[in-house]
Amino acid sequence: MIHPTHNVKARVAAISIFASAGMAAAKFTVGIAIGSLALISEALHSSVDVVATVVTWLVVRVSDRPADHEHQYGHGKFESLSALGVIALLYVLAGGILVESWSRLSEGAPPPTLSVIPFVVLVIDIIVNFWRARALHRTARDTKSQALAADALHFASDVLGSIAVMIGLGLSALGYVWGDTAAAIGVAVMISVLGLRLGRSTVETLLDRAPAGVSEQADAAIRAVPGVVDIERLRARMVGSTHFIDVIVQVPRTYPIDRVEEIKRNAEKAVAKALGDADLTFTAVPVARDNESVRERIMVIARNSGVAVHHVTVHDLGGKLTVSIDLEVDGDMALTAAHDIAHELERNIREEFGEDVEVDTHIEPLEPELPVGTDAAPGRVEVIKAALSRFAGDGAIHDIHNVRVRDTEAGEIVNFHCRAAPSMSVIKVHENVDEIERALRRAFPTVKRVISHAEPPNA
């Protein structure tokens, strides 16, 4: 797929080709006719611009191609290489002008034959080049194209060069025979200075110098993303119009992988909003935060140990930490193997919190991921529902509804909904529901598990 800026850059470059060729031919013809080295030098400068714009037109057709197997960062540096080639042409031209100027000054060459025609051509040239320089500079800034920036610089130098030639011709008209040659030298010096300015920025790009302000903008955008703890390292480079950002970001180690992926996507959006065309390489490093709770730290230890735990209870008994954990293992696993897993988990916890921490691990069979089961008969559901309502009585838990009973290989699974006062705390609700669940399992030994869902009256 061609980049959206491709058509804009190609169109502007094509217009520049015709404009450069026309003005170069006009200046060269008049310069030869009147014998003006300054005007001929400016015509040759414009001729280099013709070559530059042709190269630019060809290069932008390549530089905006998407990345491929051989050019994995895209083709943007083709523009930098073409800009260096054009700069080399400019310096060759400047050197030639200086050599010819010295020759004319040494030999005492006669001044050019003057008329109104060269001044008219130069005024038109100034107007055309000023318009082209503005259009190219605007497009280069919007598309971040170094090739178009080089082209804009050439046309800006043409404006200054034409003004210098007019001054030189004016001096010649006033009787200063060296005026035309001095103007030619001025054109050569101006070409050299502008080429140096463009060459510096192009070389910096080829050497992967971080673009000014880009690292700061990317850093600020990423730090503003929720979930980012800190940035360990950020590197920026530019290839063509694309900013490549490589960042290592600290994220909370308690976050699951999908949450970290969400942080990455948000960082990509933030950087794209700040820089426009950007490609972000995001590396997440999990770190412990100062506000992590003991329970969160234990869950991280369990996850890193590759075991499933739940019902983590933590107590501080006068400065002594006690931890109780339910550890889930395969129900068919031998007790020796299960005990080894529990012992390893306890050892990891003590390494984190100190040897004096008290750790008790309750081993229980892991629930099957997809237990095979069927819906119980309607009569059985009514019996269970009636029992649940009887155990609830007139207490804080009422309105037992949406009762479902499933028969599985492990036993009956009972699900039900109930209501409680909206002001009741979660702890109180859990205590009351837990009592109902225990009563149901005592009354019906075949019930393996009870899952309740408490809700306020109007839910």
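**Close-up 1. Helix α9 in the predicted model, residues 294-305**. Helix α9 is built from 12 residues and spans 17 Å between its first and last C-alpha atoms, a reach close to the 16 Å expected at 1.5 Å a residue. After the helix comes G306, a residue whose phi is positive, near 75°.

**Close-up 2. The buried residues of α9 and the elements they pack against**. I298, V300, I301 and A302 are the buried residues of this helix. An α-helix has 3.6 residues a turn, so residues three or four places apart point the same way.

**Close-up 3. The open sheet of four strands**. The strands follow the order β7-β8-β9-β10, and their pairing is mixed. At the edges lie β7 (373-375) and β10 (447-455), each of which pairs on one side only, and the twist from one strand to the next averages 25°.

**Close-up 4. The pairing of β7 with β8**. Strand β8, which covers residues 398-408, pairs with β7 in the antiparallel sense over three bridges. Within this pairing, T374 stands opposite D407 of β8.

**Close-up 5. Helices α11 and α12 on the sheet**. Helix α11, formed by residues 378-392, lies across β8 and β9 (411-419) and runs at about 140° to β8. Helix α12, formed by residues 426-443, also packs on the sheet, where it touches β9 and β10, and its direction makes about 150° with that of β10.

Methods
Residues numbered from 1 in each chain as written. Predicted model: local features only at pLDDT ≥ 70, side-chain atom pairs only at ≥ 80, totals over all residues. Heavy atoms only, no water. Helix = DSSP H or I, 4+ residues; strand = E, 2+ residues; numbered from the N terminus. Expected span 1.5 Å × (residues − 1). Buried < 20%, exposed > 50% of the residue type's maximum accessible area, 1.4 Å probe, protein only. Contact = heavy atoms within 4.5 Å. Pairing = 2+ DSSP bridges. Axes fitted to C-alpha atoms, helices over the stretch in contact; angles between N-to-C directions.
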